[in-house]
Amino acid sequence: SSNSSQADIWEKMTPETSLLEQEIMSDIHARRESMLSIKTLTLRYAFSERDNELLLQYSIVMLYAIWEGFIQTACQTYVRELNKLELTIDTVCNPILVYHIESKFKQFKQYPTPENFKHKVSFFDKLNQFYKSNLVEIAPVVNTESNVGFKVLNRILKEFNLQTVPDYYPEPRTNYKLSTELKRLLDFRNDAAHGQNASIVKREDLDRAIKLVETLMDLVSERIKQGFIDETYLK
């Protein structure tokens, strides 16, 4: 039952889990406050119609910054807690190990050419030292590609061996698809950020985008917390 599963979660709670949850929830609270300020700005002040339209247009850019900033901060908080555990190459799960190695050794993504033999030797020397040390100090900065859409979000969650976000909310039968809503937010943001302003942002568009970001922050927070409780960072 749901009650017994909740009891199991509470049974597994540790001081570290509580601290992790508190930090992420505190960050979510601050971002909700910022979104509320953005949402009510035009209602609290007597802007002209033109200024009101301009503010709505660029509020989407601010909203996206809140969303991407949350992903960075939440991952950094999770990584900080993982690094306290002093995980090793032998104990950490493969997805995190791959993420860690690729973050530490960019050469895996751009291997030195034969002309750069010295770089190749240096690369293997550092790789050798890396495996000798055995300790995994996970890099705190994630690659958001400056465009945290649905695929990028789930790619980041997979890199940390966390449960991905399903493409609907809250029930499979509804027409509310997170991927569609997030693409809509990104399209508005990219349009405004590149100065094109081809799409006019309306009040309902802003409200809809805020609801989306609030939903996604909760879903990501749940997955980080559950992953830490279930120790999905281990092999």
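**Entry 1: terms and ground rules**

A crossing of two helices is left-handed if the near helix is turned anticlockwise from the far one by less than a right angle, and right-handed if it is turned clockwise. I will need that below. This is a predicted model, where local features need pLDDT of at least 70, side-chain atom pairs count only at pLDDT 80 or more, and totals for chains, interfaces and linings use all residues. Residues are numbered from 1 along each chain as its sequence is written, and side-chain values use heavy atoms, with hydrogens and water left out.

**Entry 2: the whole chain**

I looked up the elements. The chain has 8 helices and 0 strands. Helices (H or I, at least four residues) and strands (E, at least two) are DSSP runs, numbered from the N terminus. Read from that end, the order is α-α-α-α-α-α-α-α.

Next I checked burial. Of the 235 residues, 41% count as buried. Buried means under 20% relative accessible area, exposed means over 50%, and partly exposed lies in between (1.4 Å probe, protein chains only).

Then I checked contacts, meaning heavy atoms within 4.5 Å. Among contacts with a separation of 6 or more, 78% join residues 24 or more positions apart.

**Entry 3: helix 3 against helix 7**

At what angle do the axes of helix 3 and helix 7 cross? I found roughly 120°, with the axes coming within 8 Å. Helix 3 covers residues 49-84 and helix 7 covers residues 178-193. That angle makes helix 3 oblique to helix 7. The cut-offs are under 35 degrees for roughly parallel, over 145 for roughly antiparallel, 65 to 115 for roughly perpendicular, and oblique for the rest. Axes are lines fitted to C-alpha atoms, for helices over the stretch in contact, and angles run from 0 to 180 degrees between N-to-C directions.

The crossing of helix 3 and helix 7 is left-handed. On the helix 3 side, the contact includes Tyr58, Val61 and Trp67. On the helix 7 side, Leu182, Phe188 and Arg189 are among them. I noted the make-up of this contact too: 12 nonpolar, 1 polar and 2 charged residues. Here Ala, Val, Leu, Ile, Met, Phe, Trp, Tyr, Cys and Pro count as nonpolar, Asp, Glu, Lys and Arg as charged, and the others, Gly among them, as polar.

**Entry 4: helix 3 against helix 8**

Helix 3 and helix 8 pack at an angle of about 5°, with their axes 10 Å apart. They are therefore roughly parallel to each other. From helix 3, the contact includes Leu63, Trp67, Phe70 and Tyr78. From helix 8, it includes Leu216, Val220 and Phe228. The residues of this contact divide into 18 nonpolar, 2 polar and 2 charged.

**Entry 5: the core**

How many residues does the largest nonpolar core have? I found 61. Such a core is a set of buried Ala, Val, Leu, Ile, Met, Phe, Trp, Tyr and Cys residues joined through side-chain atoms within 4.5 Å. Those with the most contacts inside it are Trp67, Phe70, Ile71, Tyr78, Leu153 and Phe160. Helices 2 (15-44), 3, 4 (94-104), 5 (117-133), 6 (150-159), 7 and 8 (203-230) each supply at least two of its residues. Helix 3 gives the most, with 13 residues.

I then followed Leu153. Leaving out residues up to four places away in sequence, Leu153 touches Trp67, Ile71, Val148, Val165, Leu216 and Val220.

**Entry 6: the loop between helix 5 and helix 6**

Is Thr144 buried or exposed? Thr144 is buried, at a relative accessible area of 4%. Thr144 sits in the loop between helix 5 and helix 6. Beyond its neighbours within four places in sequence, Thr144 contacts Glu68, Ile71, Gln72, Val152 and Ile156.

Ser146 is in this loop as well. Ser146 counts as partly exposed, at 45% relative accessibility. Its phi is near 55°, a positive value in a residue other than glycine. Most residues other than glycine have a negative phi.

Glu86 lies in the loop between helix 3 and helix 4. Glu86 is exposed, at 58%.

Asn94 is in helix 4 and is partly exposed, at 48%. Asn94 and Asn161 are 67 residues apart along the chain, yet their C-alpha atoms are separated by 8.4 Å.

Lys183 belongs to helix 7. Lys183 counts as exposed, at 52% relative accessibility.
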